[in-house]
Amino acid sequence: MPFPSPPWQLRGQLWGSLFRAAPPDQPRGLFVVAFVSYEAGSTCEYSELLVARRAEGTSSALTVRDMWVDSETSREAGRALWALPKELAAFHHDQGTVGPVARHSWRASTAGRTLASAEFVDVSALSARVPVRASTRQPVADGGPRVATITGSTRGLPCLGHWSFAPDGALGWLADRHPVLSFRLRRFSATIL
């Protein structure tokens with residue numbers, strides 16, 4: 001399947017939380033879990049659920065452990081360009097606002113079974129736009145890691161977040177865990193290389 005070459009433009013929203021947890025195949029650590037909506041103005045419009053942790057030997061890069069999207073183009077590009085472990089899933093997103101307070105609920109599922117669901121309440125509409133710089137560092141079998149760099153800006157604040165994970169699903173190791181911190185990145189605008 002053909003897909004656009006980098007750089008990709010990213011426009012959208014992110015709702016995330018930090019969890020202390022121990023997956024079955026990795027040591028205990030701090031993981032970020034997030035739902036992302038890539039919207040109009042992005043190279044590709046799609047929804048995403050991701051799980052990542054700080055990359056070994058770095059101070060700020062992330063290694064993505066799990067990732068699901070609802071776009072075949074995004075899945076194929078993510079795998080080929082940045083070695084991201086993207087799989088396909090179905091997403092459902094509801095939202096509502098009362099004044100500056102926004103409420104969002106998300107659900108991702110595969111084969112009709114829920115992977116994760118989350119609810120967020122935030123006032124990020126009141127936040128100032130700030131610069132953002134991030135990177136991913138993915139291991140690859142044929143040599144050194146594949147690095148993607150993201151630069152741009154966003155509006156963001158901590159928020160209230162509640163998650164549910166299917167105990168017998170791919171993210172069952174997060175079941176019954178509570179977030180250390182939740183946050184919303186509103187109307188981000190970035191480029192990934």
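Me: How much space lies in the second largest pocket?
Reply: This is a predicted model. In it, the second largest pocket holds about 250 Å³ of space.

Me: What makes Gln-26 a lining residue of the second largest pocket?
Reply: A lining residue has an atom within 4 Å of a pocket point. Gln-26 is listed in that lining, along with Pro-27, Leu-30, Arg-53, Arg-54, Ala-55, Glu-56 and Thr-63. By class, the lining has 3 nonpolar, 2 polar and 3 charged residues.

Me: What is the volume of the largest pocket?
Reply: The volume is about 890 Å³. Of its 39 lining residues, the closest to the centre are Leu-14, Leu-62, Ala-134, Ile-150 and Leu-185. The elements that give two or more residues to this lining are β1 (8-21), β2 (29-38), β3 (46-54), β4 (62-69), β9 (129-140), β10 (143-165) and β11 (181-192).

Me: How does the lining of the largest pocket divide by class?
Reply: There are 29 nonpolar, 4 polar and 6 charged residues.

Me: Why is Phe-19 called buried?
Reply: Buried means under 20% relative accessible area. Phe-19 has 0%, so Phe-19 is buried. Its place is in strand β1.

Me: Which residues are in contact with Phe-19, leaving aside neighbours within four places in sequence?
Reply: Contact means heavy atoms within 4.5 Å. Among the partners of Phe-19 are Gly-29, Leu-30, Phe-31, Val-33, Trp-163 and Phe-165. Leu-174, Arg-177, His-178 and Pro-179 are also in contact with Phe-19.

Me: How far apart are the C-alpha atoms of Phe-19 and Val-33?
Reply: They are separated by 7.5 Å, with the two residues 14 residues apart along the chain.

Notes:
Residues are numbered from 1 along each chain as its sequence is written. This is a predicted model: local features need pLDDT of at least 70, side-chain atom pairs count only at pLDDT 80 or more; totals for chains, interfaces and linings use all residues. Side-chain values use heavy atoms; hydrogens and water are left out. On a 1 Å grid over the protein atoms alone, a cavity is a set of points where a 1.4 Å probe fits but cannot get out, and a pocket is an open set with protein on both sides within 12 Å along at least five of seven lines; lining residues have an atom within 4 Å of a point. Grid points are joined across faces, edges and corners, and a volume is the space filled by probe spheres set on the points. Helices (H or I, at least four residues) and strands (E, at least two) are DSSP runs, numbered from the N terminus. Ala, Val, Leu, Ile, Met, Phe, Trp, Tyr, Cys and Pro count as nonpolar, Asp, Glu, Lys and Arg as charged, and the others, Gly among them, as polar. Buried means under 20% relative accessible area, exposed over 50%, partly exposed in between (1.4 Å probe, protein chains only).
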